[in-house]
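Please keep the sequence and the model in view while reading.

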Amino acid sequence: MAKAKKKSMRNEPEMYDEIKKPFNFSLTQVAINELNTLAKLHSISRSEVVERFARGQLERKS
């Protein structure tokens, strides 16, 4: 069963047992387009795409 959605509150963990911190990095336009496509495909934010990919929970599409 899916975890109940909790309202986002600053400085409180939402989906994971730790607080997310802002992090900036640069990408090419091709990578940005891919990130946008994956976010739309999975109905999640671009930030969540990066989070899930880094945690091994999301694979790059073929």
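## Salt bridges, a pocket and a surface patch

At 51% relative accessibility, glutamate 18 counts as exposed, because exposed means over 50% relative accessible area, buried under 20% and partly exposed in between (1.4 Å probe, protein chains only). The model is predicted, so local features need pLDDT of at least 70 and side-chain atom pairs count only at pLDDT 80 or more, while totals for chains, interfaces and linings use all residues. Residues are numbered from 1 along each chain as its sequence is written, and side-chain values use heavy atoms, with hydrogens and water left out.

Side chains of opposite charge can pair when their charged atoms come close. A salt bridge is taken here as a side-chain nitrogen of Lys or Arg within 4 Å of a carboxyl oxygen of Asp or Glu.

| Glutamate 18 | Arginine 55 | 3.1 Å |

Glutamate 18 meets arginine 55 in a salt bridge. Glutamate 18 lies in the segment before α1 and arginine 55 in the segment after α2, so this pair ties together parts that are 37 residues apart in sequence. Helices (H or I, at least four residues) and strands (E, at least two) are DSSP runs, numbered from the N terminus. Arginine 55 is partly exposed, with a relative accessibility of 37%. Glu18, Glu51 and Arg55 are linked in a network of salt bridges.

Glutamate 48 and arginine 52, by contrast, both belong to helix α2, where they are four residues apart, about one turn of the helix. Glutamate 48 is buried at 5% relative accessibility, and arginine 52 is partly exposed at 22%.

The report now turns to the largest pocket. It holds about 540 Å³ of space. Of its 17 lining residues, Lys21, Phe23, Ser47, Val50 and Glu51 are the closest to its centre. On a 1 Å grid over the protein atoms alone, a pocket is an open set of points where a 1.4 Å probe fits, with protein on both sides within 12 Å along at least five of seven lines, and lining residues have an atom within 4 Å of a point. Grid points are joined across faces, edges and corners, and a volume is the space filled by probe spheres set on the points.

Helices α1 (29–42) and α2 (46–54) each supply at least two residues of this lining. The most comes from α2, with four residues. By type, the lining residues of the largest pocket are nine nonpolar, two polar and six charged. Serine 47 lies in helix α2 and is partly exposed at 47% relative accessibility.

Phe23, Phe25, Leu27 and Val50 make a nonpolar surface patch of about 400 Å². Patches of this kind join nonpolar side chains (Val, Leu, Ile, Met, Phe, Trp, Tyr) within 5 Å, from residues with over 30% relative accessible area and no salt bridge. Leucine 27 is found in the segment before α1 and is partly exposed at 39% relative accessibility.

Most residues other than glycine have a negative phi. Serine 43 has a positive phi of about 55° although it is not a glycine. Serine 43 lies in the loop between α1 and α2 and is exposed, at 67% relative accessibility.

Conventions
Nonpolar A, V, L, I, M, F, W, Y, C, P; charged D, E, K, R; others polar. Patch = residues over 30% accessible without salt bridge, like charges linked within 9 Å, V, L, I, M, F, W, Y side chains within 5 Å. Areas by Shrake-Rupley, 256 points an atom, 1.4 Å probe, with all protein chains shown as cover.
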